[in-house]
Amino acid sequence: MKELKKLVTLAAVFGALVVVLLIVLVAQHVRNQRLEDKYNDHTVRFCELEDLKSLTVEGPDGDSTVFRFNEAQSVELLSHNGDNFDSGMINTAEVNAAVSTLLHFSLANRFEPENGDVGKYGFNNVQYRIIADKRDGSQSTVAIGDLVSDKNGVYAMVSGSSEVLVADYALYQCLTKDFENYLDRYIFNYDRSLINEISFENTATGDSWKVKVLPDEDTGVILQPNYDCTYPMQRNPNNTMINLLEAIRRFCVTQYIPITKENYAAYGLDDPQYLISIILMSGETVDVALSMEIGGYYYGYSSNNPYTFSVDPANLPGLSMRSFDLIDSYVIHGYLNDVTTVEVTVKDNSFIIDCMLNESYDFYSDDSIFRLNKRNAKVFDSNGECYGLLLFGSIFNMPVSRVDYDIKPDLANVEATIKVVKTTSEILNLKLVPCGSDEYYCFINDFYSGFIVDRSVLYKDNGHEMSGFGIWDAYLLATEAIDNKSADDIYDRP
């Protein structure tokens, strides 16, 4: 009986061992089956996008990049070493590609390390970790070890598994990518309605301008950008300046280039040549500093972005131009179809221009009147240039040479007066008062305008070239042409 009891006991122990062994084998099979299912498409899917709250990449030297997701499974905030970038500053395509690679990376091989020794694969001193914080509060981690010997892959381990994975080299490339690649090339992209004022300074030339942003002009077809230049004079910007302003409000860099402050001088950033400020309706100011052109690029930094960058000059057309070349810089305005009479007095001499175009505004038609001192001023040279229009242009294309709003000159010793009567009956009086021996202060309707013009606006004879004449010399030339014209109203200067 005792021996029978021993046999029964041994059978029971053996049966228990078999059960335990079966449980272990089944568990191992299930685990292996899960791994097979997980890797059967040669892709590690250690976390799904819909489960993610945030995804963190920890790198060497304490570097940390965090992708934070919203309910729509999109990255709503990107952080790098404490600097935050909202969705408006993110290069969406680059970020989405990175997230996809980090979550689902390709697998070349997997194996159980001999004796569980993972140190020789670089896991005793891990330099990169991918940490997935899930919405349910759990966390999954991928540790990244050394590159494989042929550098075509990198060793990786997923938390909860003892296997060493050989991930595709694309994962390592993603981990070591410069953070700046995740940022949108538009360092800002403001709607015009959000901007109050844009100002600019060229520190090398001292040239500067300020522009107010006005509500868009509705042409009935499209909305046209509308700006008003307030400095150096109140004028409309020309098309070149409008294109520059549009490029500034949508500031697109060519490439992010990390430049330490110790190396600023090599890139012209220790003393930037161009300074741009954007004042938003909210009161916030965004500043941009740019170097002179170096090697075909401007280099710069902005107050809303911690990264330095390069900019192709083609992205900022007109940046190096003088303010007077970017705005309507004529002293007074007048066009053939909106002027009826111009009376000019230079010292003790005077003349009158009468202008009345026909209904189709055809200057060359016989029923359009253009007279100088009551004589027909539609006289031409052999090339078809009109002497009367040369005189008209010298009056209304009079360029401002500089501005000075601080001084208060007296309206005295007037050398020239120009009275313009518009078709609307508006009257414009321009008076030129000597400023030294080579310039004139401009008074418009008896108020100092702040404009100063060169003496050549009155006195300049450009010889046989039908351009660049001063008002008085253009008048003398037009009179000469009228006095000596042929029967066909042609005159060529001897």
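Which residues of helix H5 are buried? They are Tyr387, Gly388, Leu390, Leu391, Phe392, Gly393, Ser394, Ile395 and Phe396. That makes nine of the ten residues in H5, which spans residues 387-396, so the helix is mostly covered under the cut-off of 20% relative accessible area. The cover includes strand S21 (339-346), strand S22 (349-356), strand S23 (369-372), strand S26 (416-422) and helix H6 (471-484).

**Confidence**

This is a predicted model. The mean pLDDT of the protein chain is 89. In the chain, 92% of the residues reach 70 or more. Residues 29-40 stay under 50. For that stretch the model has twelve contacts beyond four places in sequence.

**The open sheet**

Ten strands form an open sheet with antiparallel pairing. Their order is S1-S6-S10-S9-S8-S7-S2-S3-S4-S5. Strand S1 (43-45) and strand S5 (83-86) are the edges, and each pairs on one side only. Neighbouring strands of this sheet are turned by 30 degrees against each other on average, direction ignored.

Helix H2 (residues 92-103) packs on this sheet. H2 touches S1, strand S2 (52-58), strand S3 (64-69), strand S4 (75-80), strand S6 (104-111) and strand S7 (128-134). The direction of H2 makes about 25 degrees with that of S6.

Within the sheet, strand S9 (residues 153-158) runs antiparallel to strand S10 (residues 164-168), joined by four bridges. Val154 stands opposite Ala167 in S10.

**Strand S28 and its partners**

Strand S28 covers residues 439-444. Five of its six residues are buried, so S28 is largely enclosed by the rest of the structure. S28 pairs with strand S27 (residues 427-435) in the antiparallel sense over six bridges. S28 also runs antiparallel to strand S29 (residues 447-454), with five bridges between them. Lys431 stands opposite Phe443, and Phe443 stands opposite Tyr448 in S29.

Strand S13 (residues 207-218) and strand S14 (residues 223-231) form another antiparallel pair, with seven bridges. There, Asp218 has Leu223 in S14 as its bridge partner.

Terms used. Residues are numbered from 1 along each chain as its sequence is written. This is a predicted model: local features need pLDDT of at least 70, side-chain atom pairs count only at pLDDT 80 or more; totals for chains, interfaces and linings use all residues. Side-chain values use heavy atoms; hydrogens and water are left out. Buried means under 20% relative accessible area, exposed over 50%, partly exposed in between (1.4 Å probe, protein chains only). Helices (H or I, at least four residues) and strands (E, at least two) are DSSP runs, numbered from the N terminus. Contact means heavy atoms within 4.5 Å. Two strands pair if DSSP finds at least two bridges between them. pLDDT is the predictor's confidence in each residue, from 0 to 100. Axes are lines fitted to C-alpha atoms, for helices over the stretch in contact, and angles run from 0 to 180 degrees between N-to-C directions.
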